[in-house]
Amino acid sequence: MFELSQDHEDFRAVVRDFAEKEVAPNIAKWDAASYFPTDLVPKMGDLGLFGLVVPEEYGGAGDSGDFTSLCVAIEELGRVDQSIGITLSAGVGLGINPILTYGTEEQKQRFLPDLVAGRTLAGFGLTEPEAGSDAAASRTRAVRDGDEWVIDGAKAFITNSGTEITSVVTVTARTGTNADGSPEISAIMVPAGTPGFIVEPAYHKLGWHVSDTHGLTFEGCRVPVDNLLGEPGQGFKQFLKTLDDGRIAISALAVGCAQACLELATDYAKTRIAFGRPIGVNQGISFQLADLAVMVEGARLMTYKAAWLKDELHAGRRSVAEVKHAASIAKLYSTEAAVSATRIATQVFGGNGFMEEYPVARFYRDAKILEIGEGTSEVQRMLIARGLGLPA
Ligand SMILES: Cc1cc2nc3c(=O)[nH]c(=O)nc-3n(C[C@H](O)[C@H](O)[C@H](O)COP(=O)(O)OP(=O)(O)OC[C@H]3O[C@@H](n4cnc5c(N)ncnc54)[C@H](O)[C@@H]3O)c2cc1C
């Protein structure tokens, strides 16, 4: 696979146009104010971005969409702004996907049409103050009391969990103990506004200022037992599967970041004059840009190979193990490439690169989290090594 289909490229042009018109003119001001642009979300919904992997009966694209298209959309939004890209990536990967994959028909009918239309957003809370990479160390508990779960605990850093239009957050919680003594972890949907579900104030973040991120506290929070998502005790496994797709999406976000840096820094190197000539004449600059172009190419190829494998898995032609391995490889390479790309671009811009008036400064701040969220680089290396058959 050396190029995307014409349909994918046509779709890319549509999303690029949207990002240039709706996001680019506003993003500096939104970023400076850490403002979440609620009104943008239904516009993204109108474009079909939240429904690319969702069947038609829930308002999605059905057979005319696929995971590759979702990655194209995330890359193109991410090329203009990473926060908007992650809003889509998390909205689909962490919000819609678990409900679509594990939900009952009633749960799907209840939540998906609004989520797909961009009228609402959903989040997924796995991480806790003391359980991130080691997610199995989760302490949040859900105890059954008659027809209800009573949830107590805390979640950290949950994307899309506190917007005005957040309808539900699915959280993992200990619901018992397995026969081998390990905690039984289940996933439970907690609708926004449920008493005892407390959305903490927004974090003061290094980057992703326009993305919504909150800590969540649960104090005697009661939801109906029917809010269990999927099988009891399968919450952890379900979430790990959800993360495989999320990693490819983050990889696409990283490609958008690196692509933006390549374009911005190349243009600047052609026009910025020092010592009487454009700085791009110097090999100290041009070789860095050449390296950046190689990184973008590598990251894009790995990302779309993983996305293609995911679509092939959906069609029953590839295995879960192949997708997992490709997803971790793509995520590791692309996110590290994006961080390097922002460093190179900022350096090419010199002092201007340190100024918020220039988008490279925002990309520089935004890139770091790519190496951390949805499994750190170290976790990806562990998974890749495991995929090679090395002992866990
Ligand atoms: C802006 C933002 C948005 C997020 N959104 C969500 C969300 O929507 N839902 C959600 O559930 N989570 C979310 N997260 C959480 C994110 O997934 C975690 O931060 C991430 O998984 C790392 O966990 P941690 O922060 O606890 O770091 P830790 O697990 O404490 O790791 C600290 C460091 O130790 C390293 N490390 C840990 N164990 C090992 C080991 N065995 N070998 C080598 N190195 C190791 C890690 O790689 C890392 O470098 C978000 C985080 C941020 C910052």
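I counted a polar contact as a pair of N or O atoms within 3.5 Å. The model I worked from is predicted.

I looked up the ligand's nitrogen and oxygen atoms. A ligand nitrogen lies 2.8 Å from an N or O atom in the Thr-159 side chain. For Glu-378, I found an N or O atom of the side chain at 2.7 Å from a ligand oxygen. Leu-126 takes part through its backbone: one of its polar backbone atoms is 2.9 Å from an oxygen of the ligand. I then checked cover. The ligand taken alone exposes 980 Å², and the protein buries 63% of that.

I find the ligand in the largest pocket. Strand 1 (121-125), strand 3 (148-159) and helix 11 (377-387) are the elements that give two or more residues to the shell around it. Strand 3 gives the most, with three residues.

I noted 18 residues surrounding the ligand. The closest are Thr-127, Ser-133, Phe-157, Thr-376 and Glu-378. Sorted by class, the shell has nine nonpolar residues, seven polar and two charged.

Which domains does the shell draw on, with at least three residues from each? I read off domain 2 (124-232) and domain 3 (236-387).

Note on methods: Residues numbered from 1 in each chain as written. Predicted model: local features only at pLDDT ≥ 70, side-chain atom pairs only at ≥ 80, totals over all residues. Heavy atoms only, no water. Near = heavy atom within 4 Å. Polar contact = N/O pair within 3.5 Å; in protein donor to acceptor, adjacent residues only side chain to side chain. Areas by Shrake-Rupley, 256 points an atom, 1.4 Å probe, with all protein chains shown as cover. 1 Å grid on protein atoms, 1.4 Å probe; cavity = no way out; pocket = protein on both sides within 12 Å on 5 of 7 lines; lining within 4 Å. Sits in = over half its atoms within 2 Å of the grid points. Helix = DSSP H or I, 4+ residues; strand = E, 2+ residues; numbered from the N terminus. Nonpolar A, V, L, I, M, F, W, Y, C, P; charged D, E, K, R; others polar. Domains from an automatic or database assignment.
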